[in-house]
Structures are given as structure tokens and as C-alpha cells.
Amino acid sequence: MSEHASPNRLPVLALTALGVVYGDIGTSPLYALKEVFAGAHHAVPITHDHILGVLSLILWSLILVVSIKYVSFIMRAHNKGEGGVMALMALVLRGVHGKPYAPALMLAGLFGAALFYGDGAITPAISVLSAIEGLEIGTTAFKPYIVPLTVGVLAVLFSFQKYGTARIGVFFGPIVALWFLTLAALGIAGITRNPDVLAALSPTYAFAFFQHEPTMAFLGLGAIFLTLTGAEALYADMGHFGRKPVQMAWFGLVLPALVLNYFGQGALLLAEPTAIDNPFYRLAPDWALYPMVALATMATVIASQAVISGVYSITHQAMQLGYVPRVVVQHTSHSEAGQIYLPGVNWLLFLAVVALVVGFGSSTSLAAAYGIAVCGTMIITTVLAYIVMRHVWRWSLPAAGLVCGAFLIVDLAFFGANLSKIADGGWFPLALGAALFLLMTTWKRGKQILQARLEADAMPLESFIDSIGKGAVAIVPGSAVFLTPQPETVPHALLHSLKHYKSLHERMVILTVNTLDVPYVAPEQRVQVERINDQFYRLGVSYGFMDEPDLPAVLPLCAEQGLSLELMQTTFFMGRETLLPQRSSSMAYWREQLFVAMFRNASNAAAHFRLPPNRVVELGAQVML
């Protein structure tokens, strides 16, 4: 998406962005204030000063973290329009290429991406559960059915992923816009009944809270952080719409609606402290309870959809950049490249979400686990943004240090408060993130070791061509394409093919697919053809980490550079290695075993590159790690 969207399209894009970008942070009013004052973890006693202090902290946290840090600064650190920690990591690594600390920054970015999965599991669980818990306000008879109903809604949501969001996505924006307008209307109604709550607009109440009760205020930040949990999603999803529509939606509707609703809930608590059992639904008139539950359920489903799509996107980016094995990718839209469905990831995520809903049982219990993973990703984003400011934007050390230092102080304060949640469930997203980080680093390291083993036995391509000479090997009609990551050496599949078939094709193509650290590669830069002699060619095909690999689609582009390949007269040869771990390797034996298991279960390379099965020949080899 271009950064320079037409002014006439900005309102439309801003409306569309509501459904994708702001679903997560927009559903926080369902549970955030309740958790501050009635949560199972360091609840703040309900008093006049505490309510005003908490509301002031919420307001100024939204301004400092979301409005200033993310919307005004971090969203400028995009990689050709794409945001998110993976895109930011690629941008950083390009800026510090060759620096001794580049590997550490790469690992930090990977860990931030791994923590995102923790958010991806908890967001659907806590959002949908908190929406359906509104039924308890009408009658306690619904209580035994809250968890089953939540699991049912989630099952339907995950089952529909295979159809994509292209058809129903057009309704997301208007529904979420109605949600935010409703938040604002409920908030205004609450404030008019008790306008004294507007005193919390002054930051002096936040400072007074910390001054008089520092421990309580600090620990309360763990629950107050729930109002910010969608901030990282703003950055991750900006590539779909561009920076300006996302900014317009935030300042024009989302921020005012959130502030009004939180203040409306605060005004209600000032008058009726007993409403703390569910201040969001208590704010609505009695007649509106069930319509509000329906609207909240739709809003939370949309919020969950955005996070699920984000998990697909970050998995796809990680796969393209070589940090996770190939997984099956299904395209759900003919017009939108980003509309993808990953079946294996979808159902693993569904199992994790259901386990959270059943295991924790309520939004209050889940809130204890929520926040710490997102906060960790925010800290990593701040650190990487500092590197971008220094090495890409060329800011001075004092300027970059002052801005990012201020952001980091706020991030660390929230992170410190969230650390107290670890024993009450916060360990789950951290454990999930650590496990995924281990898998990603194991895969990357294993691929490096495997490539080194293959290169050690490889023969230079030019030497091979000279050795076969003219007439030494039988020539058969057609074209043969050999996929290899090393275009300077002879692919193992080529040596095996020659050994078994005692022949070569009249046109031999050594194909290397490269994934660059940019989101997209222009079609005119997609292929690079090098003619070695009348029979042998090198072909390089480049994709961005958001591109969808499709090798048959590049064949017409090859013809423009003198290499004519007809798909039905071309055979694609691919190597299929059987890995044998050994204890003397440079990687721990147990990690070798893990890598071998991942390698064995990776999806088929031919399917990944969209090659017709009847045009592919696989040749196996055993490789000692």
C-alpha cells in the first residue's frame, strides 16, 4: 500500500482500517477497567482518588504509548510500507550489515516475533470470553454455558478461516465503526451523570497516585496495560492501508471513543462501586444488554480475526526469510496477495486458544496471563527503532537516545509491573514464545549446517561443464531446471540425474530462488538470466518476504531475457535429503534431532513454489549433519 494514498480515498481506507487494525485495542474496554479494580491480581481499592488516578494513567498511557510512540514515531520505521517486528528486523539488519552486534539484533527480532504468537493465542480467548460473559449480567442461569458458548464461537471463527476474509471483510469496518460509536455514546451517557470524572484529564492525578501509593500504582500498571495491548498490532497491520489512514482512524474516532468509554465507566464506579462486577455492560441501559452482547461478540470476533491474520502473516514472513520450515499456504483471494490461509497454523492456534479458555475459565483469570508477551515485543520494537533512527535515519545520538530512552522507560515500567503476573498465568505466553524462539533458531542454524555439508562435497559448475565436453553425454529434448541455493556449484540432483539417466537435456537451467529483506520485488526485477553456454543457464528468481512464490508465473519473464521455457516441456529436478544426525556436530545432538523432525515434516518444496506435480522429479540423498 502506497504511503501517498489519494486524499479522496483516505476516509474509506480509514474506515476499512478500523476492522483490521483497531479490533484488538478497541475491545479492551470490555475487561480492562474491571481488571484494575476487581482483578485477581493486585486489585486497586475503589475510592474517588484511585478511580481518578487510574483514569488519568489510562489516558496518558494511550497518548504516550499509542499516539506518540506508535502512531507518530514507530510507524515511520516501515520497510517499504510494511510494519511489524519482522519487517522492522529486516530493515535494521540492512542498516547494520556487517556490524558485530547484527546477530544479537536478529535474535531480538526473532524473539519479539515469537512473543507475538502468545498474543495471538490469548487475544481471541480473552476477547470473546469477556464479550459472552455479559450474558451473566442478565441472569446467572447463563453462567455454566459461558465457556461452551465461547468455544463454540471460536470453533466457527477458526473453521471459516479457509474461506478467507475477502468477502466478509467489507463488513468489518462498518461493524467496528458502530462499535466505537457505541463506546463513545455509552461513555458520554456515563460522564453526563457524573461530570466530576473529567478532572482525571489532568496528569496531576496520575502523579498523585504514584506519589501517595507508589507500590499500588506500580502494580496497577499490570492491569492498566490491558488498555494498550493492541498497540503493536497497529504497527504490524499498517502495511495493509498505509500510515495516514491508520493515523486518521486513531485520532478521528478510536482514541476519543476509548477515552470517553473509560471515563464513562469511571463515572459509573464513582456513583455505584458495586457495578465493578462488569462496569462495561453495567454502563448500558437494561434494554440494551443483549444487543450489546451481540455487538461485542461481533467486535471481538473481528478483533480475533485480525490477530489470526497477523499470525498467518508473520509465519509467512518468517518462512520466506528462512526462520521456520515451509508450511502449506492456501490463497483465499484472486486479487489480494495477502489473503492467505495456513491450515496447520490455524488448527494449532485454535487448540492453544481453546486450552486457554477451558484452562483459565474466565476473562479475569486470563487477564493475569495477558500483557507480558505484548510488553516484551514493545521493548524489542523500541530497541530496534533506536537502531533505525541511528543507522537508517541518521539521527544524532542525543536525539535518538532521548526519544527512545523516554519510550523505553515507559515500556520497562509496564514490563516490570507485568512480571508480577508470571506465577498467575503470565508464564504461558513467555513459555510459548520461548518454545517458538527455540524452534526458529534451531531451524535457521540447522539449515546453515546442512548447507555447509552440501557445499563441502560440491563441484564448481564451470569445472563440471568443462569436464563433460561436447558429445560426451547423450542429449535429450526439452528443458531441465535444477533448484539449488548455490548457483556456483553443481546441484546434487543434477549429479544424481546424470548418474541414473546417463543424459542431459538440451537446455539445462540452474535455478536459485532468493528472498530479499524487502516486502515486495517488482516484476521487472523478478528474474536474472545468465547464459553460460549454448546449453547451460543460470536463473535467479527474487521475491520479497511478503511475495507469494510462483515459479511457473516467472517463465514468461525469462523469455524476455533470452531463455525460453515452456512449462509442459520443462522438468523440474529437486533434491530430497535424508538427514542423519551425529553427535560430533556443531549443534547439540537434541537440537539436531529436533531439526531433523522439523525438516522431515516441512511441506513439499514443489507445492511451495506452485510447480505442477507431473513436471517434478525428486532425487534423494543421505546427508550426515
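Q: How do the residues lining the largest cavity divide by class?

A: The lining has six nonpolar, six polar and two charged residues. Nonpolar means Ala, Val, Leu, Ile, Met, Phe, Trp, Tyr, Cys or Pro; charged means Asp, Glu, Lys or Arg; the others, Gly among them, are polar. This is a predicted model: local features need pLDDT of at least 70, side-chain atom pairs count only at pLDDT 80 or more, and totals for chains, interfaces and linings use all residues. Residues are numbered from 1 along each chain as its sequence is written, and side-chain values use heavy atoms, without hydrogens and water.

Q: How many cavities does a search of the whole structure find?

A: Rolling a probe the size of a water molecule over the atoms shows where empty space is left. On a 1 Å grid over the protein atoms alone, a cavity is a set of points where a 1.4 Å probe fits but cannot get out; lining residues have an atom within 4 Å of a point. Points join across faces, edges and corners, and volume is the space filled by probe spheres set on them. Here, three cavities of 30 Å³ or more turn up. The largest holds about 90 Å³. Of its 14 lining residues, E35, H41, A223, A367 and K421 are closest to the centre.

Q: Which element gives the most to that lining?

A: Helices are DSSP runs (H or I, at least four residues), numbered from the N terminus. α11 gives the most, four residues.

Q: What is the volume of the second largest cavity?

A: About 60 Å³. Its lining includes F116, D237 and G310. α15 supplies the largest share, four residues. By class, eight are nonpolar, one polar and two charged.

Conventions. On a 1 Å grid over the protein atoms alone, a cavity is a set of points where a 1.4 Å probe fits but cannot get out, and a pocket is an open set with protein on both sides within 12 Å along at least five of seven lines; lining residues have an atom within 4 Å of a point. Helices (H or I, at least four residues) and strands (E, at least two) are DSSP runs, numbered from the N terminus.
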